[in-house]
Amino acid sequence: MANPMNEALVRRFYEEVWNEGNVEIAGEIFAPDYVRHDLRPTRAAPGGAGMAAIATAFRGAFPDLRMEVDLILSDGDLVSARWTSTGTFSGPWSDVPPTGVRATFSGVNIFRIRDGRVVELWNHRDDLGLMEQVGAPVFAGSPRDPGGPTAGAADGADDAGGER
C-alpha cells in the first residue's frame, strides 16, 4: 500500500539536500546506521554525515545541479524514485577534472524507511552516460591481456576465429 508520509520524506531529500544544497538536513532524513548499496569504489561514511559528504562532493562538481523526480512509488516501508538531473560539470569530480559541459542524466533510488528515517538506500545512477557526456575517461572493463586467450577462446574458438 502506498505510503504518502514516506514519499514526502524522499521528496524532501531530493529538494532540500540536492536542489537547495542544504546537506545538513541529511542528518534528519537518514538514520545514523543506514546502509547504502551502490557501485561506488569507496564506502560512504555512515549516517546523515555520509550522505551529506556525498551530496557536498557531487554538488561541488555540478554546483548548478537540478534534480527532478520523474516518478515516485511506495509500498509499505519502501519508496522508489526515478529522477533526472541536469548540471554543469564545473568542479572536480573524484579524480576527473571539470570540463564545463552541461549534462543530463538519470537514476533510480530505492529507500527503506523505518520510524520516519531512511535506514537503507539502493542507488542506481547512469554514471557511464554521465561520464561520456562530460568527456571523462570511460573504462568499462579491464584491458585485454595481450598474452592471454581471446574472448572467443573461452567459447571454443581459437585465436584465428575458427572452431576447435
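Is Glu 28 buried, partly exposed or exposed? Glu 28 is partly exposed, with a relative accessible area of 45%. The views below come from a predicted model.

**View 1. Overview of the chain.** The chain contains four helices and five strands, which follow the order α-α-β-α-β-β-β-β-α from the N terminus. Of its 164 residues, 37% are buried. Mean pLDDT for the chain is 86, and 82% of the residues reach 70 or more.

View 2. Arg 12 and Glu 28 form a salt bridge in which the closest N and O atoms are 2.7 Å apart. Because Arg 12 belongs to helix α1 (residues 4-19) and Glu 28 to helix α2 (residues 26-29), the pair ties together parts 16 residues apart in sequence. Arg 12 is partly exposed, at 27% relative accessibility. A network of salt bridges links Arg 12, Glu 16 and Glu 28.

**View 3. The salt bridge of Asp 64 and Arg 102.** The two side chains meet at 2.8 Å, N to O. Asp 64 lies in the loop between α3 (47-61) and β2 (66-75), whereas Arg 102 is in strand β4 (residues 102-114), 38 residues apart. Asp 64 has a relative accessible area of 34% and is partly exposed.

View 4. The side chains of Arg 82 and Asp 70 meet in a salt bridge of 2.8 Å, N to O. Arg 82 lies in strand β3 and Asp 70 in strand β2, so the pair ties together parts twelve residues apart in sequence. Arg 82 is partly exposed at 36%, and Asp 70 is partly exposed at 41%.

**View 5. Residues 153-164.** Over this segment pLDDT stays under 50. Where pLDDT is low, the predicted coordinates should not be read in detail.

Definitions and conventions: Residues numbered from 1 in each chain as written. Predicted model: local features only at pLDDT ≥ 70, side-chain atom pairs only at ≥ 80, totals over all residues. Heavy atoms only, no water. pLDDT = per-residue confidence, 0-100. Contact = heavy atoms within 4.5 Å. Helix = DSSP H or I, 4+ residues; strand = E, 2+ residues; numbered from the N terminus. Buried < 20%, exposed > 50% of the residue type's maximum accessible area, 1.4 Å probe, protein only. Salt bridge = Lys/Arg side-chain N within 4 Å of Asp/Glu carboxyl O.
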